[in-house]
Amino acid sequence: MKKVGVYVFTHMVKKRETKKRETFFDGQNYIGLRYILSEIDTTRYEITYVSKANVNTVDYLLVCLISYYDVFNLLNELHGVKIKPKVIIGGAGCINVELFKDIADVAIIGRGENKIMHILDDDKRIDGLYYKDENYSLK
């Protein structure tokens, strides 16, 4: 079974004060991410949470960018880091693909619903996806 890791920024791990909540992404801001995670076929993929410390323990890395701060944190934490998994970024903060060309293998521009299984299955016939190996912007 392949592993899909949802990236948790280091500052989110450090400020976490309670374990009562189920996930790091239970706020209203992350409703889109939670929906996308619900689309993943859990009979074929295991979903886990990763940070910079264990980023290379998964096969796919999902990064949700909902604000400028997430973009800043992503570039701050992962730029120049050797990352083994296929990196998939998306969210409202994913507006300039050029910023992520050294990190992202796939960038989702626009709505991400109904796309995650196509990406995991390497089906490249979906609009709104930029693949590093096929698009000039990500090379």
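What follows is a walk through the confidence and the aromatic contacts of this predicted model.

Some ground rules before the tour. Residues count from 1 along each chain as its sequence is written, and side-chain values use heavy atoms, with hydrogens and water left out. Because the model is predicted, local features need pLDDT of at least 70 and side-chain atom pairs count only at pLDDT 80 or more, while totals for chains, interfaces and linings use all residues.

On pLDDT (the predictor's confidence in each residue, from 0 to 100), the protein chain averages 83, with 83% of its residues at 70 or more. Helices (H or I, at least four residues) and strands (E, at least two) are DSSP runs, numbered from the N terminus.

Now for the rings. Searching the whole structure turns up three aromatic pairs; rings of Phe, Tyr and Trp (its six-membered ring) pair if their centres lie within 6.5 Å, and planes under 30 degrees apart are stacked, over 60 edge-to-face and the rest tilted. One of them joins Tyr-7 and Phe-9: with centres 5.4 Å apart and planes at 80°, the pair is edge-to-face. Both Tyr-7 and Phe-9 are buried (under 20% relative accessible area, with exposed over 50% and partly exposed in between, for a 1.4 Å probe and protein chains only).

Tyr-45 and Tyr-60 are also edge-to-face, since their centres are 6.1 Å apart and their planes at 75°. Tyr-45 lies in strand 2 (residues 45-50) and Tyr-60 in strand 3 (residues 60-64), so this pair ties together parts 15 residues apart in sequence. Tyr-45 counts as buried at 6% relative accessibility, and Tyr-60 does at 10%.
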